[in-house]
Amino acid sequence: MAMDPAGGVVAGPDGVLRCPWALSTPLYVEYHDTEWARPVRDTAGLFERLALEAFQSGLSWLTILRKRPAFRAAFAGFDPAAVAAFGADTVEVLLRDAGIVRNRRKIEATIANARAVLALEEPLEDLVWSFAPPVPRPVPRTLADVPAVTDESKALAKALRGQGFVFIGPTTAYALMQACGLVDDHLAGCAARGPSP
């Protein structure tokens, strides 16, 4: 694999140009090529990604991807109604589940966020997607061109916190926006990006 010292796209072993972060494992390649930056517009899908982004805080995303099947099993397929019903006994069970990240604050935040989803007056997808940038940003050429926080992610985090969501700040909100296709931060020339406007 040829690395680009400027941080632009890189040709993988298959010769396909991809974002450089996506090439370390086949799991990353699959996630990059088939999921990241693709629109997610359903409640369970958005709730899952919101929860996983919170669990990822302080860890590598690869750790979360490897544990994703166990997360889905532990959190009832990220059905907000099912997770909202979790009580203290379930939290203790989850803290013993080696398949997931066993962090009490993050587990309790996921349950609190499920309850917040149910309390919304509008679908979660409508709330989240209302913060999609009205005009696409210029296509990033290198990783240095990709922000960690934007005005939209600050506003999204503030709106979610205002609705009772926890463990969500502007950086996590932006990662959610990237993962769910509100923004497309595939680099210029990346095969997963498709034709640039």
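This report describes selected helices and loop residues of a predicted model.

## Basis of the description

Because the model is predicted, local features are reported only where pLDDT is at least 70 and side-chain atom pairs only at pLDDT 80 or more, while totals for chains, interfaces and linings use all residues. Residues are numbered from 1 along each chain as its sequence is written, and side-chain values use heavy atoms, with hydrogens and water left out.

## Helices α1 and α3

Helices here are DSSP runs (H or I, at least four residues), numbered from the N terminus. Helix α1 (residues 26-34) and helix α3 (residues 61-74) have axes that come within 10 Å of each other and cross at roughly 85°, the axes being lines fitted to C-alpha atoms over the stretch in contact, with angles running from 0 to 180 degrees between N-to-C directions.

On the α1 side, the contact (heavy atoms within 4.5 Å) is made by L27, Y28 and Y31, and on the α3 side by W61, L62, L65, R66 and R68. These residues divide into six nonpolar, no polar and two charged, where Ala, Val, Leu, Ile, Met, Phe, Trp, Tyr, Cys and Pro count as nonpolar, Asp, Glu, Lys and Arg as charged, and the others, Gly among them, as polar.

With 14 residues, α3 reaches 18 Å from its first C-alpha to its last, close to the 20 Å expected at 1.5 Å a residue, the expected span being 1.5 Å times one less than the number of residues. The helix bends by about 55° at R68, and a proline, P69, follows within four residues; the bend is the angle between axes fitted to the seven residues ending at a position and the seven starting there.

The buried residues of α3 are W61, L62, I64, L65, R68, F71 and A74, where buried means under 20% relative accessible area, exposed over 50% and partly exposed in between (1.4 Å probe, protein chains only). These buried residues pack against α1, α2 (43-56) and α5 (88-95).

## Helix α9 and its surroundings

Helix α9 (residues 170-179) is largely enclosed by the rest of the structure, because eight of its ten residues are buried. Those buried residues are T172, A173, Y174, A175, L176, M177, Q178 and A179, and they pack against α1, α2 and α8 (151-162). After α9 comes G181, whose phi is positive, near 80°.

V149, in the loop between α7 (124-129) and α8, counts as partly exposed at 30% relative accessibility. Leaving aside neighbours within four places in sequence, V149 is in contact with K154, P170, T171 and Y174.

Most residues other than glycine have a negative phi. A37, in the loop between α1 and α2, has a positive phi of about 75° although it is not a glycine, and A37 counts as buried at 12% relative accessibility. A76, in the loop between α3 and α4 (80-84), likewise has a positive phi, near 50°, but A76 is partly exposed, with a relative accessible area of 36%.

R96 is found in the loop between α5 and α6 (104-119) and is exposed, with a relative accessible area of 59%. The C-alpha atoms of R96 and F75 are separated by 14 Å, the two residues being 21 residues apart along the chain.

How values were computed
Helices (H or I, at least four residues) and strands (E, at least two) are DSSP runs, numbered from the N terminus.
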